[in-house]
Amino acid sequence: MHSWIRSRDDWAEEEAARLGPWAERAADSRGRVHEETEHPYRSAFQRDRDRIVHSRAFRRLEYKTQVFVPHEDDHFRNRLTHTLEGSQVARTLARALRVNEDLAEAIVLAHDLGHTPFGHAGERALHALLEGAGGFDHNRQTLRVVDWLEDRYPNFRGLNLTAETREGILKHGCHWEHPVAVPDLGPNPSLEAQIADASDEIAYVSHDLDDGLRSGLLEVAMLDRVVLWQGARAQIDREMLGASESTKNAQTIRGLLNTLVTDWVEATAARLAEVQPGSATDVRQADRLGGHSEAVGNARRDLKRFLFENLYDHPDVLRVSREAEQVLGELYRRYTSDENLLPAQVRARFDEDGELRAIADYIAGMTDRFARAELEKLDGSGV
Ligand code: MG
């Protein structure tokens with residue numbers, strides 16, 4: 001390699017100089033399950049991130065629902081745009097707090113890979129169908145996708161990601177059978193994983209408000225009771241007198257997002273200053289360091305409650321969710337009663353993975369439109 005090129009070793013030196021002692025360093029990674037030669041100029045975490053973006057499951061995110069709003073519109077978030085918005089929040093948090101941006105980004109980019117079609121309605125449906133056979137959970141499925149279901153390397157299954165990225169995906173421990181050994185978890189995950197978690201939530205509470213208003217299911221007048229909205233809106237009303245309603249709404253959500261991000265950075269920085277963890281291992285053993293201040297944490301909980309009551313549990317959303325549950329239920333019923341309806345590559349996995357798990361993996365991987373088209377196809381052929 002030309003000596004002028006910034007090598008992986010150069011990158012390691014830069015990380016050592018730039019990051020706080022509490023950060024994960026790519027050069028100190030606990031490594032991959034299957035040993036591989038390191039890349040000449042990409043760090044282990046950069047490589048994880050690229051593997052995730054190049055996976056088939058990542059491309060399917062584009063056609064999976066985020067919140068099941070019952071209106072056709074090209075501007076609503078899907079799982080892909082949600083994931084990208086979350087990953088940008090993660091980069092901001094990671095840079096500000098001097099932790100490993102590549103790792104935080106990789107974890108967020110992967111965090112929804114195991115999501116079923118049709119959002120949480122799909123997940124609930126699949127979990128109910130698999131009762132007594134291990135159930136279904138999207139975090140567990142995400143680890144299964146990266147460790148087992150992605151199939152593009154000659155010598156192993158999955159993407160063979162580093163222990164640090166897998167730890168961030170795993171979140172709460174592994175209480176089920178998993179085909180690949182899982183990383184040991186301390187009382188808490190790395191700060192990068194805590195950032196990934198927070199970024200997911202900061203992204204969705206902000207963009208679900210936006211989509212909720214756009215869909216007409218939420219109205220601005222309903223938000224008067226929501227402290228975070230009120231605070232951001234009061235400032236916009238003072239500063240942007242002549243602006244249109246839609247500009248004011250967009251700027252209010254922008255202000256609210258900024259409040260959440262800034263508060264998380266400042267409250268976490270204050271705890272870091274107090275605890276002074278000397279390593280990423282110290283972060284794992286300490287009380288949770290990443291988080292909001294008490295005031296903004298409470299306000300964020302209020303906003304989430306508002307979203308549940310008025311958007312996620314809105315009768316129109318629940319009605320569409322029930323239809324989605326029926327689609328998945330029908331597919332599952334037909335596949336389990338006649339395995340010949342399944343593609344050969346799914347049947348080929350019955351021996352190793354078990355029939356029900358292989359069917360669940362297949363259904364969970366579907367996009368919304370594929371699931372609908374598949375059921376129509378089966379209906380059309382009179383099955
Ligand atoms: Mg998410």
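Donors, for this tour, are N, O and S atoms within 2.8 Å of the metal (3.2 Å for Na, K and Ca), and since water is not among the atoms, sites may look incomplete. You are looking at a predicted model, in which local features need pLDDT of at least 70 and side-chain atom pairs count only at pLDDT 80 or more, while totals for chains, interfaces and linings use all residues. Residues are numbered from 1 along each chain as its sequence is written, and side-chain values use heavy atoms, with hydrogens and water left out.

**Stop 1: the magnesium ion**

Select the magnesium ion, then show the side chains of His-82, His-111, Asp-112 and Asp-200. These are its protein donors: NE2 from each histidine and OD from each aspartate, at 2.1 to 2.7 Å from the ion. Along the sequence, the donor residues follow the spacing H-x28-H-D-x87-D.

Are His-111 and Asp-112 buried or exposed? Buried means under 20% relative accessible area, exposed over 50%, and partly exposed in between (1.4 Å probe, protein chains only). His-111 counts as buried because its relative accessibility is 11%, and Asp-112, with a relative accessible area of 3%, is buried as well.

**Stop 2: H5 and H8**

Now colour the helices. Helices (H or I, at least four residues) and strands (E, at least two) are DSSP runs, numbered from the N terminus. Select H5, residues 101–110, together with H8, residues 163–170. Their axes are 9 Å apart and the packing angle is about 45°; here axes are lines fitted to C-alpha atoms, for helices over the stretch in contact, and angles run from 0 to 180 degrees between N-to-C directions. That angle makes H5 oblique to H8. Angles under 35 degrees count as roughly parallel, over 145 as roughly antiparallel, 65 to 115 as roughly perpendicular, and the rest as oblique.

Which residues make the contact of H5 with H8? From H5 come Leu-103, Ala-106, Ile-107 and Ala-110, and from H8 come Glu-164, Thr-165, Gly-168 and Ile-169. Contact means heavy atoms within 4.5 Å. By class, there are 5 nonpolar, 2 polar and 1 charged residues in the contact of H5 with H8. In this scheme Ala, Val, Leu, Ile, Met, Phe, Trp, Tyr, Cys and Pro are nonpolar, Asp, Glu, Lys and Arg are charged, and the others, Gly among them, are polar.

**Stop 3: H4 and H11**

Next, pick H4 (residues 79–96) and H11 (residues 245–275), which pack at about 35° with axes 10 Å apart. Val-89, Thr-92, Leu-93 and Ala-96 of H4 meet Leu-257, Val-261, Trp-264 and Val-265 of H11. The contact of H4 with H11 has 7 nonpolar residues, 1 polar and no charged.

**Stop 4**

Move to Phe-118, in the loop between H5 and helix H6 (119–129). Its phi is near 65°, a positive value in a residue other than glycine. Most residues other than glycine have a negative phi. Phe-118 is buried, at a relative accessible area of 1%.

Continue into H6, whose buried residues are Gly-119, Ala-121, Gly-122, Glu-123, Ala-125 and Leu-126. What covers these residues includes H4, helix H7 (138–149), helix H14 (315–337) and helix H17 (355–365).

For another positive phi, go to Gln-276, where the value is near 50°. Gln-276 sits in the loop between H11 and helix H12 (280–285), and at 60% relative accessibility it counts as exposed.

**Stop 5: H9, H13 and Val-226**

Select H9 (191–215) and H13 (residues 294–312). Their axes are 11 Å apart, at an angle of about 45°, and the two helices are therefore oblique to each other. The contact includes Tyr-204 and Leu-209 of H9, and Leu-303 and Phe-306 of H13. By class, the contact of H9 with H13 has 8 nonpolar, 1 polar and 4 charged residues.

Now find Val-226, in the loop between H9 and helix H10 (227–239). Val-226 counts as buried at 3% relative accessibility. Not counting residues up to four places away in sequence, Val-226 touches Leu-303 and Phe-306.

**Stop 6: Val-99**

Finish at Val-99, in the loop between H4 and H5, which is buried at 2% relative accessibility. Its C-alpha atom is 6.2 Å from that of Gly-20, 79 residues away along the chain. Leaving aside neighbours within four places in sequence, the contacts of Val-99 include Leu-19, Trp-22, Leu-191 and Ile-195.
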